[in-house]
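Here are a few exercises to work through with the coordinates loaded. Try each one yourself before reading the solution.

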Amino acid sequence: LQYYQEIIRRKLPILFLNCFYPNLNIPHVSINDTKAGLLAVNYLIECGHQKMAGIFKSDDFQGHLRYSGYRKGLADHGLQVMDEHILWLDTEDQRHMADSVDRILRRLQNCTACLCYNDEVAFEIVNICLKNGIRIPEDLSIISVDNSHLANLCEVPLTSIGYPFLEIGKAIAENLLKMIDDPSFNGMKEFTPS
């Protein structure tokens, strides 16, 4: 944080992509991650699911925002968040998910659906489930966020909340150039996921 505060003090243009620090007054370009989590849960509820696991990243703010949307979606429908069905991963855990199969399977136990932090996590969860006799989607429906190429490459194609990669990249470039030209320009842009 001290480096970011120094950048602010020097009045250098800075713009976060996706993640940001809520306690720093630095603009960001991202999707509304809370809404992404909410959309995913609402979709699963519309499909008849009542018991949903959630797998989220603990070491970036996007994971916490998507978890917030997950919680809101369940609460809006009178469903309880069950801590035993929540799995928090950090970046290192995500790289070695195959080492945590028992832990993952315990979190998924008695659930009919799972919201995964992103397609990369979902891809690994599908593989773990299939290797352990859990059929996708017959036994467990999986939804994720990003709608990346992995969603289609997965052994079982994923349902995934869209992430406007091109639009976000364009907004980052355009807004940063505007901030360089006009230091008073607020480069903040938050896209609605779909």
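**Exercise 1.** Work out how helix α5 and helix α6 are oriented to each other.

Step 1: the axes of α5 (residues 101-108) and α6 (residues 119-131) come within 11 Å and cross at roughly 90 degrees. Step 2: that makes α5 roughly perpendicular to α6 (the class for 65 to 115 degrees). Step 3: for the side of α5, Val101, Ile104, Leu105 and Leu108 meet Ile125, Ile128 and Cys129 in α6; contact here means heavy atoms within 4.5 Å.

A quick note on the source: this is a predicted model, where local features need pLDDT of at least 70, side-chain atom pairs count only at pLDDT 80 or more, and totals for chains, interfaces and linings use all residues. Residues are numbered from 1 along each chain as its sequence is written, and side-chain values use heavy atoms, with hydrogens and water left out.

**Exercise 2.** Decide whether Val29 is buried or exposed, and find its contacts.

Step 1: find Val29 in strand β2 (residues 28-31). Step 2: Val29 has 0% relative accessibility, so it counts as buried (under 20% relative accessible area; exposed is over 50%, partly exposed in between, with a 1.4 Å probe and protein chains only). Step 3: skip neighbours within four places in sequence, and the contacts of Val29 include Leu15, Phe16, Ile168, Ile172 and Phe191.

**Exercise 3.** Classify Leu176 by its relative accessible area.

Step 1: Leu176 sits in helix α8 (residues 165-181). Step 2: its relative accessible area is 31%, so Leu176 is partly exposed.

Note on methods:
Helices (H or I, at least four residues) and strands (E, at least two) are DSSP runs, numbered from the N terminus. Axes are lines fitted to C-alpha atoms, for helices over the stretch in contact, and angles run from 0 to 180 degrees between N-to-C directions. Angles under 35 degrees count as roughly parallel, over 145 as roughly antiparallel, 65 to 115 as roughly perpendicular and the rest as oblique.
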